[in-house]
Protein chains: 2
Amino acid sequence: MGRWAPNSRERLEAAAFDLFEERGYESTTVAQIAERAGLNRATFFRHFADKREVILAGEDVLEGVFVDAISAADPGSEPTEYVRLGLTAADAVMTPPRRTLALRRVAVVAGNEELQERGQLKFAHLTASIAAALREKGVDELSARLAAELALLAFRVGFERWVRAREDDAFAPLALAALDELRERMLRL
Amino acid sequence: MGRWAPNSRERLEAAAFDLFEERGYESTTVAQIAERAGLNRATFFRHFADKREVILAGEDVLEGVFVDAISAADPGSEPTEYVRLGLTAADAVMTPPRRTLALRRVAVVAGNEELQERGQLKFAHLTASIAAALREKGVDELSARLAAELALLAFRVGFERWVRAREDDAFAPLALAALDELRERMLRL
């Protein structure tokens with residue numbers, strides 16, 4: 001049933017992006033990705049449900065990290081304090097190697113409407129999960145929904161700045177700065 | 001080539017919802033909708049691109065009304081003043097007969113994941129259009145994005161309350177009240 005393959009997930013990701021860039025996302029098959037990575041299809045499917053998930057699986061990891069940070073926090077904090085904890089925790093998955101992949105990802109997604117839509121749906125799911133985690137902490141319904149939208153906007157603005165920043169710039173300080181700028185604007189809306 | 005059919009759009013909508021409720025959204029065909037409405041397929045396609053659009057076309061009308069209200073407003077207003085104008089203008093499409101359809105629509109969409117996703121994508125598109133309209137009025141980038149998210153949340157909360165309200169309750173007062181509640185919470189986030 002095949003040898004153990006070290007870093008097989010990372011190898012599959014790297015192979016997939018190489019192929020997406022060489023021949024286009026639509027024209028690339030799972031079999032080609034596995035072959036390029038020197039692995040078989042079964043190994044691919046142990047890591048990803050389908051080709052699309054090579055692009056989008058990071059969102060699910062992010063959601064887990066973000067929501068877990070809120071759930072683990074002391075109750076009774078202000079909603080934006082929970083948001084700060086979530087954005088700070090996101091730093092663990094927004095590492096320099098992930099930034100390189102994120103840059104390649106932005107280019108692939110820009111050329112494919114279905115991927116853009118799936119990405120927006122993942123964001124909508126993340127927003128709903130953050131709002132639910134905030135309600136669990138006793139935040140009222142409207143404040144939880146509002147803080148979740150604020151969290152997503154801070155995440156997105158932070159992400160946009162991170163992929164344009166220097167290679168070794170960390171994600172969390174950029175996202176937290178975006179959060180502060182958004183809060184400051186909220187008071188003047 | 002068919003006679004001129006008065007209210008053919010409304011007749012198609014009513015026939016479609018009758019069929020969706022009787023036999024389910026997935027099992028209903030465009031041919032069946034046209035037949036039930038006493039019209040032909042060609043007439044259906046003059047009004048709707050496909051079956052899905054019977055459910056979702058209202059979002060495009062709403063987007064036009066909302067964005068036009070912002071575009072027509074005097075420049076130099078506060079971002080939330082533009083949002084108020086948009087929500088107030090939305091009242092023109094959120095009429096009592098539309099409320100009845102909206103209630104039936106909520107039930108159909110709840111049973112179909114693809115429709116839920118399309119609805120979320122329409123909301124994401126509406127948010128981006130509102131942000132663009134606000135930027136056109138000179139609102140800065142972050143404030144425009146924040147105000148657009150606030151507008152959508154006020155719209156959604158107002159809509160949730162409207163479909164649960166009395167039959168003759170107007171939409172705009174509920175949406176504007178939701179906006180005020182959200183703004184009040186924003187100051188305390």
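**Briefing: salt bridges, interface, cavity and fold**

The structure holds 36 salt bridges over all chains, a salt bridge being a side-chain nitrogen of Lys or Arg within 4 Å of a carboxyl oxygen of Asp or Glu. This is a predicted model, in which local features need pLDDT of at least 70 and side-chain atom pairs count only at pLDDT 80 or more, while totals for chains, interfaces and linings use all residues. Residues are numbered from 1 along each chain as its sequence is written, chains are lettered from A and ligands numbered from 1 in the order in which they are written, and side-chain values use heavy atoms, with hydrogens and water left out.

**Fold of chain A**

- Chain A comes to nine helices and zero strands, where helices (H or I, at least four residues) and strands (E, at least two) are DSSP runs numbered from the N terminus.
- Taken along the principal axes, the C-alpha atoms of chain A fill a box of roughly 55 × 35 × 30 Å.

**Extent of the interface**

- Chain B and chain A bury about 2,700 Å² between them, with 64% of this on carbon and sulfur atoms; buried area is the accessible area (1.4 Å probe) that two parts lose on being put together, summed over both.
- Leu142(B), Leu146(B) and Leu189(B) supply 29% of the area that chain B buries against chain A, more than any other three residues.
- The contact, meaning heavy atoms within 4.5 Å, takes 29 residues from chain B and 29 residues from chain A.

- Six salt bridges are found across the interface of chain B and chain A.
- In one salt bridge, the side chains of Glu117(A) and Arg118(B) meet at 2.9 Å, N to O.
- In another salt bridge, Arg145(A) meets Glu160(B) through their side chains, at 2.9 Å, N to O, and this pair crosses from helix H8 of chain A to helix H8 of chain B.

**Make-up of the chain B side**

- The elements that give two or more residues to the side of chain B touching chain A are helix H5 (79-90), helix H7 (113-136), helix H8 (141-164) and helix H9 (171-186) of chain B.
- H8(B) gives the most to that side, with twelve residues.

**Cavity**

- The count comes to one cavity of 30 Å³ or more, a cavity being a set of points, on a 1 Å grid over the protein atoms alone, where a 1.4 Å probe fits but cannot get out.
- About 80 Å³ of space lies in the largest cavity, the volume being the space filled by probe spheres set on the points, which are joined across faces, edges and corners.
- Its lining, made of residues with an atom within 4 Å of a point, includes Leu146(A), Glu149(A), Leu146(B) and Glu149(B).
- Helix H8 (141-164) of chain A and H8 of chain B each supply at least two residues of the lining of the largest cavity.

How values were computed:
1 Å grid on protein atoms, 1.4 Å probe; cavity = no way out; pocket = protein on both sides within 12 Å on 5 of 7 lines; lining within 4 Å.
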